[in-house]
Amino acid sequence: MKRTTYLLPLTLLIAQSLSAQKIYNIAGNGYLDYSGNGGLATAAQFYNPNGVAKDDSGNIYIVDQGNNCIRRVNYTNGRTVLFAGNTFAGYKGDGGLAVSAELNGPSAVACDRSGNVYIADEQNSLIREVNIATRKINYVAGYVSGGTPVNGYVQTQDGGLATHAELNHPDGLAISPYGDIYIADRDNQRIRKVTGGNIITICGRDSIVKNGGGALLGPNGLFYGDGKTAYLADVDNPAGLALDSLGNLYIADQGNYRIRIINTSGIINTISGSNSPVFNGDHILASNANLNPAGVAIGRGGNIYIADQSNNRIRMINAKTDTIYTLAGNGTASYGGDGGYDTNAILNGPTGIFADDSGRILICDAKNMRIREIQTNDTIVNKAGCGTGGYSGNWMPALSASTRYPNQLTLDAAGNLYFADKINNAVREIRKSGADLQNDTLITVAGNGTLGYSGDNGPATSGELFWPSSVAVDKTGIMYIADVQNNVVRRVKNDTITTFAGTGTGGYSGDSGPATAAELFGPYSVAVDTSGNVYVADNKNYRIRKINKATGIITTVAGNGIQGYNGENKPATAAELSSPVGVAVDTKGNLYISDPGTALISKVNTTGTITTIAGNGFVGYWGDAGPATAAEFDEPAGLSVDKTGNVFVADSRNNVIREITSAGVISTVVGKKDTTITRIIKIVAGKNDTTYDTTYAGIGGYNGNGIAPTLAELNQPQSVFVDNSGNLYISDFGNHRIREVTTTVLNEVAQIPTLVNRVLIYPNPSGGRFMIQSPVMAQVTEVFNILGDKIASMPSAGGLNEMNLSTQPAGIYLYRVMSQSGALLGSGKLVISK
């Protein structure tokens, strides 16, 4: 079914009468957690920008380290696009398109004269090159064995192929006019050079005795060799590198607090820095200055620019006088000064730096999550980044927002949906607006996006979480969060976050005492009963714990602490559990547990007796339309109970949602079966009689909205929640979406008030022909590919017009519609499907 997508309001009623249930996407655009792709660079989010470079065409390349990618800011339009890395931390993709490859904590970027881009893929210990003509990526230095990068140093590899030599967390890059690659091989304490495909060490050596023969010890015992051949010298955690026009190489020798130079004769010397990183003033000889250099660049006139990281300054060494002074930053770690003189700017932990002959200087203002530019008139401006790190979508339409592996979810009494945005270290809320999905808003209600454990007794959105996996809300609006890696349960009340249970140390202790003094170990799921008592799936303790709302006392209500399975129809506290990850409570107080370790769903009744209500103990996908206790699951995860006692389970690895009726019959209610996969089950009964059953696995994927639930593809759903009307809400983990199954008509296209400056594009996706409707006259529609290159531009006089992109290959494209006066009327994604 083709979807018609409203991007901005327009008076038009296009709705479908639906008599049966259908599935809809209600949050998440299917993309991971960074924002701003295709939009203005100053509105984009970055997560620890660590390096920056500019090509000869003026395009800026930014190392978005925390998002494991390289972003490009296009010179022509100031918009940012993904250039390399798919935001997953890992290693894959060599030989293919750079945007589909995996990087792992990249640290530096550089461009050659042809525009090819080189990346220090730090955690993979590789140098990778993106060919600008083909946009394909390959590693050009470092060693990969059996598909896995190897880090280290083998001296005999020097002089051989760079692709057969081990590196150890490279942290800086420079490219000569001749294509030679210089590498700050940080954890090998060396500077390496790749020329003609072969690698050598030009600075740094194996262990020597440093306190004999008059050697000068640096602050970390690794400073040696000034005035000598660089190969005999020591460096300590070398970071940034830069080349001047004569071929001299400059090193930010960060562990030694120095900027050093290797001249064209191969001799190394210190040109600035001493044995201390503590700022000691300006307008002094550079050789007397204290530094903590993370980056170095050479600019107009041979002046040297230094990212003085812990001093929160950009320093400049005048090439004519050898005097050093502060160009930007006052030493205070904060943000300010944009639009004013560079000397009034405030920085926070600058790392990478780039300078060119025009006098412009680009700064990675890392902790401010921005790229800033010192312009030729000595003013500083924000070039890229909105100052918020790590993930997108706060206070924006839920359908347009990015999530990152959404986990377990719940609804409050008003129908607002909350979910654990796990890898974004946040809990987010979808504020519902009725049947019109376009008006649903996504906001963050807990977590600041930074992994950690802090913020108690302060605003919930300023607190740090560590991979939250579940959220529950009681009838008064108090929220409970399973902060799994911090081994605690957090509570949000009146927008203030506190620790509700756990000490932060993983373990088992504290039953019958205050929950805040008890130890938890990997609390994975939380649930609240009608009295406000909180239940916790204490995963690595193999228990379900209960915190009494009135007293704050914690007890164990299921599990004896032994991992396994030892039967049922016994006191729940005598039963073994294997890996409880889901917990739910019905209105009568019965407790339900999903245990992927045993592939069972259990029930603890109000007398404390545990029984199995679904699963036969075998992993698989079988049993629909029969007794639930004979069925198979594959990693059952979150679960929910409706008001009549039916239990819904996210059967994660089977990519389906299953229902266990109160009568004990199981069926698949969401998820598409793959009829090409057939499995024969042999069942022995009676006198060796045999029967056979054919069954199918669920298809993992995403195939759109507005279709029957059993035709929809899911991707490792982690949670399901059923409301009082029978609507199902699903965290579609691998698709980075929240889905809803409902009998209510949900309009992605709905009747919206007429307003000027609004655009409708449909059908979307299409085979390449799109209709563009706008009430604004004299407009132009521009289309860009995912790399930011303009592929089409169509003027029109308003009204309804067709744009034909059928000659373009299938994929995702970005568009914008501008008025004659240059005002932005609309922008978004187009999908060509062939």
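What volume does the largest cavity have? The value is about 90 Å³, and a search of the whole structure finds 1 cavity of 30 Å³ or more. Before I continue, please note that this is a predicted model, in which local features need pLDDT of at least 70 and side-chain atom pairs count only at pLDDT 80 or more, while totals for chains, interfaces and linings use all residues. Residues are numbered from 1 along each chain as its sequence is written, and side-chain values use heavy atoms, with hydrogens and water left out.

A cavity here is a set of points, on a 1 Å grid over the protein atoms alone, where a 1.4 Å probe fits but cannot get out; lining residues have an atom within 4 Å of a point. Grid points are joined across faces, edges and corners, and the volume is the space filled by probe spheres set on the points.

The largest cavity is lined by 15 residues, of which Y565, E576, L577, S602 and I610 are the closest to its centre. By class, the lining holds 5 nonpolar, 7 polar and 3 charged residues (nonpolar: Ala, Val, Leu, Ile, Met, Phe, Trp, Tyr, Cys and Pro; charged: Asp, Glu, Lys and Arg; polar: the others, Gly among them). At least two lining residues come from each of β47 (600–604) and β48 (609–614), and β48 gives the most, with 3 residues. Strands are DSSP runs of E, at least two residues long, numbered from the N terminus.

Let me turn to the sheets. Five strands form an open antiparallel sheet in the order β21-β25-β24-β23-β22; two strands pair if DSSP finds at least two bridges between them. β21 (284–285) and β22 (293–298) each have a single partner strand, so one side of each lacks a neighbour in the sheet. β22 pairs with β23 (residues 304–308) over 5 bridges, in the antiparallel sense, and I298 has I304 of β23 as its bridge partner.

Another open antiparallel sheet has 4 strands, in the order β3-β4-β5-β6. Its edge strands are β3 (49–54) and β6 (80–84), each pairing on one side only. Between β5 (residues 69–73) and β6 there are 4 bridges, again antiparallel, and R71 has L82 of β6 as its bridge partner.

Finally, R190 lies in strand β15 (residues 190–195). Is R190 buried or exposed? R190 counts as buried, because its relative accessibility is 5% (buried means under 20% relative accessible area, with a 1.4 Å probe and protein chains only).

Terms used
On a 1 Å grid over the protein atoms alone, a cavity is a set of points where a 1.4 Å probe fits but cannot get out, and a pocket is an open set with protein on both sides within 12 Å along at least five of seven lines; lining residues have an atom within 4 Å of a point. Buried means under 20% relative accessible area, exposed over 50%, partly exposed in between (1.4 Å probe, protein chains only).
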